[in-house]
Every structure is written in C-alpha cells, then in structure tokens.
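Work through the exercises below with the sequence and the structure open beside the text. Try each task before reading its solution.

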Amino acid sequence: MTPIDLTPADLLIAASLVLVDALASVLLGLRLHRQLLVAAARCAVQLLLIGFLLRFVFAAEAPLLTLGIILLMVAIAGREVAARPERRLARHGNQIAGLSAVALATFITAIFALATAIRPEPWYAARYAIPLAGIMLGNALNAASLSLDALLSAVTRERAAIEAQLALGTSFRDAMRPLLREAVRRGMLPIVNTMSAAGLVTLPGIMTGQILAGLSPVAAVKYQIMLMFLLAGATGIAAVGAAYFAARRLTDGRERLRLDRLH
Amino acid sequence: MASGLRGAAGGPFDLALGRGAAVAITGPSGAGKSVLLRMIADLDPHEGEVTLGGADRAAMPAPSWRRRVAYLPAEPGWWHERAAAHFPDRAAAEAMMPSLALAPALLDQTIHRLSTGERMRLALIRTILPRPDVLLLDEPTGALDPKATALVEALLALRLAAGTAIVMVTHDEAQAQRLGAQRMHLEAGRLNLA
C-alpha cells in the first residue's frame, strides 16, 4: 500500500476546523481566537520549514550537518529544561544540569538504537538519526524538567532536615538521597503512565501517523514498542542526570548545603 | 581552637576552649551568634581556621569533623516521620530520655505530634548520644520551662565533667553562671569577653 499524498487543498479543508474553533471563541467570548490562529499558523509554518529542511538534510548526506542539527535541538531542549523550575541555580546551574541531562540521555539511547536495533546504512544516516534524536529529546526534556523542578523545590522545603543531618556528620549524599529518589520518580512517572496506557487508552501519535501513511499496523506497532523502550531509557537517564547534576551544584568540597546558590 | 573566623556575621572571631570547658555567647538578635556556631561546624562558607586537639579541620573530611564537633540549631530539623527513626541506637536514647523528663514511649510518636519542648530535648539527645568532643548548642533551653531547663543543664554539666567542650548561645546570663561557662558577647561583628 502506498501512502496517500496530501495536497495543499486537503490541508486547507482540515484548517477549516481551526476556523470553526476560532468562531466558537468569538461567539462564546473566550478571547482565544487570536492565540488559536497564531498557534495554528505557527504550527503549519514551523512544520513546513522543518519538512523542507529535513528533505534537504536527508539528501545532503553530510554527517557534520546532521550532527550540527542534533546539537542545535539538544541546546534548545536544554534551555527549556532550565527554564521550567521556579528556582534558579547560580552560575547557569539550571542550564548546565538541563543540557547535560538531555544530551546524555539522547546520545546514549539514540546511538544505542542506531547501532543495534535499527542499523541503517550508514548508521548515522540523517533520515534515522534526526527523527530518533528528536523524539528522545522531547521525552528527555519532559523527564529532566520534572525531575529538576522537584529537586529544587524539595531542597528549599527540606533545608532544616538536610542540615540537621549534615550537622550530625551525615554525608551530603546520604542526606540528599530521599530527595533525589523523589525527584527521579517524578521524572519517570510520565513514561510509566504512557507505556501502561499505550494501545488501550491512546494510540501513540507516531504509530497513528505511520498507519495513516500506509504502514501495516503490526509493523507500526513493532516500531512503537521499540520507541517506547528507548524512551523509557532516555527518560530514566534524563531524570537521574538532571537531579544529580543539580545536587552537585548544591554542595561544595566541605559537603555543605549551598542554598545561597539557588535564587 | 578557632581563629580568624570571618563570614557574613563579621569577624574576625577568635575563640579557644579546652576539654570540659564551656563558653556562653550572648548578644542581640541578629548579631550573628548562630552564624558563628555554623561557621565552627563548617556549615556556611567562611574564612578562618579551626583546630581540635591540634588536628586541623581543613585536613579532615567535613562529615568526620561534624561528628566530632556537633551543632544543634535553635530549630532542629527532622527527616523521618517517626521520632524513633532519628535514633540509630534506640536503647541508648530510651536510657537518656528519663533524665530529661521524657517518656520513652514518645519515640513512637510522629514528630509533628510532639511539642516544641519535647522536640528540642529529643534533638539534644540525638546530638549528645554519638559523644562528640565539642557541642555547639544554639539556645538549647529557649523553648523549655524552668524545670526542663534545670534537667538539660544537669545533663550538660555531666557532659562537661566527662570532658566534652560546649559552646552555647543563650539569652540567659544566669545559665552561663550555673554551667560555669566563660561569658562572651557578640555585637556589631565583634566577639569580646563579657
């Protein structure tokens, strides 16, 4: 079965639904219509740009270009992770923790998948590497930001409890252990929910796209299962990484709790 | 023992005391009395050197230092739900509790059910039990009635007699006298004999 190629007219017909939404907003006084139309336009323009860019990059077959694009995506994701928490670590601590966590998670899982399960020829082919890195990044971003936010708010709340332990000669690592555990848990819960609900409550978006694009449901499902497992790996690495990198910034060589580095 | 300590509270502060000796620090609120104790415990960044029996603090891992020079804040934190979980040696804690008029059954309570005075005395036991060489106590009887205060002072006197050195922050000048402590006054970033 070959994919049904969509024409611009097909997309315009679908866009009429957005106009219906906008109309509803005007009639009901939701004041959402402006935002809605801008968001819809952004969505179309951004995706089209990415589509053309990817077509160019896939055809170029230049490993350096591929790497450059992935690094740019990693940098944007790292910035997003850093921006989520209410509290900021001094000296770009949030940025460093966010960037290290998503970069570690994405590169480890993406290279693992490209080298073992998917094995395109060559293994760094942009057609595989970029979408794979993208989906890993999206989930790593989510996990790392939840974990970082949980750790930074817990450490402020539990200051007296942590310092009470430090004052008795407990190591910083031991005093922080319950907080780190809770932060990593928070970061990993979404992927657990997604995996348990997959297929029953939701048909994952990628799979839906593949089926619509003409792939057999079983083939699409196999891809989806592999992606889920890869995502589980990526979220785990990202959640652990963000919490530990941030915790390291919260102490010093004398194992103090340095809340003065948190603003 | 401590020399040239300089930090957010001013300084330089110099302080020396021997085994079994006590120093009581008085001074207006916000003068930095607690900050001084925290500097000695190495809990806040600061300048200066501290030694214990000739051993340099900087040459010792921070947790080992804090096991030997234990700090008890005015509002001690708790990290488990139940009181008992804070005491690695429950039997030893139960043995010390009656001397502070605490029923051993209190250990089975959750922390938030305990009164401020009960929590303060339990935190003191928690700090004393591992037998540190120096106790840094921030208003250890601030939340206690006169009867409990007398019991705490008796316990501290026992520790002094056993060779423990005590640096305490207090508002009660008579308390310093009862413990035979040298009195020092901290004000405007200077620490002087009172």
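**Exercise 1.** In this predicted model, find in which sense strand 3 and strand 9 of chain B pair, and over how many bridges.

*Solution.* 
Step 1. Strand 3 and strand 9 of chain B pair in the parallel sense, and four bridges link them.
Step 2. For one pair of opposite residues, take B:I25, which faces B:M184 in strand 9 of chain B.
Step 3. Now turn to strand 8 of chain B, which runs parallel to strand 3 of chain B and is joined to it by four bridges. Here B:V23 has B:V167 as its bridge partner.

**Exercise 2.** Determine whether the residues of strand 3 of chain B are buried or exposed.

*Solution.* 
Step 1. A residue counts as buried when its relative accessible area is under 20%.
Step 2. By this cut-off, five of the five residues of strand 3 of chain B are buried.
Step 3. In a regular strand, side chains alternate between the two faces of the sheet.
Step 4. Sort the residues by side: B:A22, B:A24 and B:T26 lie on one, B:V23 and B:I25 on the other. Both faces of strand 3 of chain B are therefore covered, as buried means under 20% relative accessible area.

**Exercise 3.** Write down the strand order of the six-stranded sheet in chain B and name its edge strands.

*Solution.* 
Step 1. The order is 6-7-8-3-9-10, in an open sheet with mixed pairing.
Step 2. Strand 6 (69–72) and strand 10 (190–193) of chain B are the edges, since each pairs on one side only.
Step 3. On average, neighbouring strands are turned by 20° against each other, direction ignored.
Step 4. One of the residues involved is B:Y71, whose bridge partner is B:L136.
Step 5. Helix 4 (residues 116–128) of chain B lies across strand 6 and strand 7 of chain B, at about 170° to strand 6.

**Exercise 4.** Describe the contact between chain B and chain A: how many residues does each chain give, and what area is buried?

*Solution.* 
Step 1. Chain B gives 21 residues and chain A gives 16 residues.
Step 2. About 1600 Å² is buried, and carbon and sulfur atoms give 54% of this area.
Step 3. In chain B, the residues that lose the most area to chain A are B:L43, B:R66 and B:W79, together 34% of what that side buries.
Step 4. Three salt bridges cross the interface. A salt bridge also joins the side chains of A:R254 and B:D42, at 2.7 Å from N to O.
Step 5. Helix 2 of chain B gives the most to its side of the contact, with four residues.

Notes: Residues numbered from 1 in each chain as written. Chains lettered and ligands numbered in written order. Predicted model: local features only at pLDDT ≥ 70, side-chain atom pairs only at ≥ 80, totals over all residues. Heavy atoms only, no water. Pairing = 2+ DSSP bridges. Helix = DSSP H or I, 4+ residues; strand = E, 2+ residues; numbered from the N terminus. Axes fitted to C-alpha atoms, helices over the stretch in contact; angles between N-to-C directions. Contact = heavy atoms within 4.5 Å. Buried < 20%, exposed > 50% of the residue type's maximum accessible area, 1.4 Å probe, protein only. Buried area = accessible area lost by both parts, 1.4 Å probe. Salt bridge = Lys/Arg side-chain N within 4 Å of Asp/Glu carboxyl O.
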